[in-house]
Amino acid sequence: MRTLPNPKRICSALVITAFAISTVHAAPPDAQTLVKRADDFRQLYSAAIMDVRLVQFHGDKSERESHFKVAVQGSDKSLIRVMEGADAGQHMLMTNEGLWIKLPRSTRTVRITPMQRLLGEASVGDIGRMRWQDDYTAEYSAHPEIELAGEAAWLLELTAKSDMAVYPHIQLAVSRVDARPLEATFFLKSGKSFKSVTFDKPVTINDRLGIKRMVFKDLIRPDNRTEMVLEQTVPKALSKQLYALESLGEWR
């Protein structure tokens, strides 16, 4: 007697085949949407106050460290206060109009660039401009499907479209599973890469998943790196008046 095929096996085979076909032919996610999702892991709240610690290393030896208070408002406003170290008491304001610094016991404000270094390989813009979605146009790299540390990733090219973008160009790798950032490489106007950052896996911070630690590496002097740790994040909005240039230095 001829044995008839098992209907359950036929059904399962059809489902697997359909899934495979849909995976092969599915359009990749929108590049700009992937950047937005990656940003959500880096800046958890539209308004927040963060305790940020930077530790500078040469090889395995820590050389310097500093602690900062950072208040962010949306993607375009931030206040930074240096809490300890040689630069303690400095205040910085970053908006779409520019970036300014005020030194302790001074009434003057001085305009600086977002690439100004805070400590080691970490710049002012790295902690004061944590969202890339508004400052960059994103598109897929020429070879967008890569594997990074054993994980499938999308490789994106981010090109600055805002005067306040920290870097002219960024190459960003995000997970193909959840779009969390894995690694980014930063380029100068000349097109030369000069530093990179790797992101730890997200952990639970308050009520959501976010990245607590990242490591900046000097691509020119590979023994140099700087760890950035978000020690605390509190969702809180400051008064809009504190983000005005004439109020710089008043945040306590």
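Predicted model: local features only at pLDDT ≥ 70, side-chain atom pairs only at ≥ 80, totals over all residues.

Two strands pair if DSSP finds at least two bridges between them.

**Strands and hairpins**

- Strand β5 comprises residues 98-102, and four of its five residues are buried, so that the strand is mostly covered.
- Strand β4 (residues 91-95) pairs with β5 in the antiparallel sense over five bridges.
- Within this pairing, M92 stands opposite I101 of β5.
- The hairpin formed by β4 and β5 has two residues between the strands.
- Strand β6 (residues 109-112) is joined to β5 by four bridges, and these two strands also run antiparallel.
- Six residues lie between the strands in the hairpin of β5 and β6, where R105 takes a positive phi near 60 degrees.

**Nonpolar cores**

- In soluble globular proteins, nonpolar side chains tend to be buried together.
- The largest nonpolar core contains 52 residues, and those with the most contacts inside it are F68, W132, L158, F186 and M228.
- Helix α2 (residues 31-42) contributes the most to this core, with five residues.
- Leaving aside residues up to four places away in sequence, W132 touches V35, D39, R42, L158, I170, L172, A184, F186 and F199.

Note on methods: Residues numbered from 1 in each chain as written. Heavy atoms only, no water. Core = buried A, V, L, I, M, F, W, Y, C linked by side-chain atoms within 4.5 Å. Buried < 20%, exposed > 50% of the residue type's maximum accessible area, 1.4 Å probe, protein only. Contact = heavy atoms within 4.5 Å.
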